Amino acid sequence: MEILRVEDLRFAYQISPDKQALDGVSFALERGDLLCVCGATGGGKSTLLKMLKRELTPLGKKSGRVLIGGKSPEEMSEHESAATVGYVMQRPEQQIVTDKVWHELAFGLENLAVPQKEIRRRVSEIAGYFGIESWFEMSTDELSGGQKQLLNLAAVMVMQPEILVLDEPTAQLDPIAASNFIATVVKLNRELALTVVIVEHRLEDIIPVSDKLLVLEDGKVVSFGDTRDCVGRLIGNERLLRSMPAAVRIYAATHDISKNTFPVKDTDEVKQGAPRTDTDMGKNSRLPLDVCEGRSYIENNFGNAIRSESVTDAEAPEGEYALEFKEVYLRYTKDGSDVLRGMDLRVRKGEIFCILGGNGAGKSTAVSAAAGLIRPYSGQIKVFGKKIKDYRGQELYRNCVAMLPQDVQTVFTEDSIDGRHPYDLSGGEQQLAALKIVLETEPRLLILDEPTKGIDVYAAEQMGKKLRELADSGVTVVIVTHDVEFAARLADRCALLFNGEITSCDRAKAFFSGNYFYTTAANRMTRGFYDGVVTSEDAVRLCRLNADKQTVR
Amino acid sequence: MKAFDSYNPIVLFVYFLTVTVISMFAFNPVMIAIALVSGFLSTLTLAREGCGRFFIYAAFIFIVTSAANPVFSHNGVTVLFVMNDNPVTLEAVLYGVAMGTLICAILMLMRIFTKIMTGDKMLYIMGSASPKLALLISMTFRFIPLFHRQAVKTERTQRALGRYTEENAIDTIRMKLKIFSMMTTWGLENGIVTADSMSARGYGTGRRTSFSVYRFRRTDAVLLAVLAVFAGTIAYLIATDAVKFSYYPKMSGIAHTPAAIVCYVLYGLMCMLPVMNELEEKIKWRYLESRILGSPIR
């Protein structure tokens, strides 16, 4: 049954009536479809989602039609409209309205004047389904980011919506919480035949599980259809491909040689011994989307006669240390447990150093200590060879150390940046604006806490470029991040922080090749087949080298 | 879980209110004694934690009150001795003792009240008076820690940006003001998200219901009914002077008519209700436990 139909939807915001935020968008969804909407920031993704929810539709000029279950949102009663479309936004914290978990779950039903008894039944049911029982009576303030976002989802699901709309729900979450959240959404979709429309920055996890894909650029539909076909049509569009999963990027960069030069060796073909030609292959049926498919694509299409590139690693940078941790122990309360337990770390001048680690490993604590905000109770921290304790007054923060915090909104003291309020900027723009402010003191050591949180691939690339420039000009950059792909692309050296101490530290390539779980998708795809592959570009180069070799032979 | 505090908060509130009001009006020595004993026992069963220090404190209050009365009040006919030309009478001393005892008993009751009526329960009571108020309070309790955390984060960021000097008082004040203004912006801007989240879930579409995890069970109704009967009878008996007792000018005899005895018993039962409830629960559990241990599975 058709649940959602959008016909020639056009929209221009009241503040900029000349620019069409949506320009003739049309598509339709069946009940139970999981639609992923992608495209660059400012492409109209969020605007489109807001058109599906009457309460959130911004002021502006709108034409075209949206039909939900055959009805336009304007025709629905207020109660119907609130319940039919469930909407979860990016920031987990600000969406929570009440102080108790149980009250948050009941909030929507209270608004619809559902009787007590019915609320009790539905709330307990939803708490059971989402596994919220253990924190049902807790304050919403005590929850982790991942739990908060799950609560927001549950608080919307309790109203039994027909369509679930998610606007970058995992942008503020760490990778574990993010994949947990996506898994829950997929479970809802599969078990309840719930129609889902989701916008995501990071597509690695969501593309393989979505049924349909809608690609928007400048308010226009670039492509819409079944995920695999749709992704297939993007090949050749470099800009959009960059945000796609690693498997897709590798395929896009190598399919010409794999397809034209060699017949695909599917397992069936190998048995029959008859090479299949290109024509009788479904054009996109073998387009790999996830790590598993990507691996089988590489193994079946390319040999591994050449296992690694003969690139000589640049010499390890010599010289003085910009930041040193020596046996640092730190705890927040006297009776609490240690957050840092004998952490040792040496960062050389002029390098980009990434500290990776899970939640609660002490990453943020480590950077706060490096920035002199909290003091360890044992061990010492040296900045440019001088103990932090010995820096007097503002000396440490003048032309020396600067930190970009995780929440960049805490940086903006002024209400206007280039004529715009910082809160009106997109996530990526906010990050770059905050970085600019932080750099005003001309630091020699720049510390960044999760700089890629909540920003898209393009903004992350820009951020990376900027950081590389800084490093080339002699600034030492220390980054604490969850973002494995970002670290793999950018870092000179990486370290893994676990349970308050550094458990491994190596040059980026060696670091990620050595890890099994905590590594990039490209590395997982080629593990044991090629050596030393970290980024998808590495994988592409090796595929091409092997392809060339086979042709010569 | 304790038996008594699992009653519906409204019932508990009514219980504490009635017992306190009746205790304050019944100035009969028997009833005061009952109040003291039951207060003591209830403290031991329901609010044992840190009760030692509390008893010392209560004893101090008792001594001060009982000593103060005969110093200031010279009513009464039985003069014990004369101090600074003022007679100290037996009636005034006993009145002071009675007053001190009553204050101690009520202090104990209040302490148990604060132990049992947690913030959640008080909120629920206020909320049942007005659902709007309930939501407002709930949202405020949500926002305060959020705001506080953000303020701490902001201060730390500004410190790491070197904009926060601790050496200069004026700079510090200027920075605090700046942070306050940032926090205001932050609160307003992020409030928009909260408002969106509220309207997306149908807030403002009309009449609301108010949901609570506390239920009104049959046992709550029973307790409420029992309370009403007890309190009504006691109030009637007090009003009709069945347990009347006067200290001045000469102490009257303690009433022991059948009506007075009914009043004492009912009052005693009412005061001891939490203790009895607790004991009943303990015995029940012991019995259940022994059954479990004696089961053939073991």
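How many residues does the contact take from chain A and from chain B? It takes 61 residues from chain A and 50 residues from chain B, where contact means heavy atoms within 4.5 Å. This is a predicted model, in which local features need pLDDT of at least 70, side-chain atom pairs count only at pLDDT 80 or more, and totals for chains, interfaces and linings use all residues. Residues are numbered from 1 along each chain as its sequence is written, and side-chain values use heavy atoms, with hydrogens and water left out.

The size of an interface is often given as the accessible area lost when the parts come together. Here chain A and chain B bury about 5100 Å² between them (accessible area lost, 1.4 Å probe, summed over both). Carbon and sulfur atoms carry 54% of it. In chain A, Gln94(A), Arg120(A) and Thr410(A) lose the most area to chain B, together 13% of what that side buries.

Charges meet here too. The rule finds seven salt bridges across the interface of chain A and chain B; each is a side-chain nitrogen of Lys or Arg within 4 Å of a carboxyl oxygen of Asp or Glu. Glu93(A) forms a salt bridge with Arg142(B), their closest N and O atoms being 3.1 Å apart.

Now look at helix H4 (101–111) of chain A. Helices are DSSP runs (H or I, at least four residues), numbered from the N terminus. H4(A) gives the most to the side of chain A that touches chain B, with nine residues.

Key
Chains lettered and ligands numbered in written order. Buried area = accessible area lost by both parts, 1.4 Å probe. Helix = DSSP H or I, 4+ residues; strand = E, 2+ residues; numbered from the N terminus.
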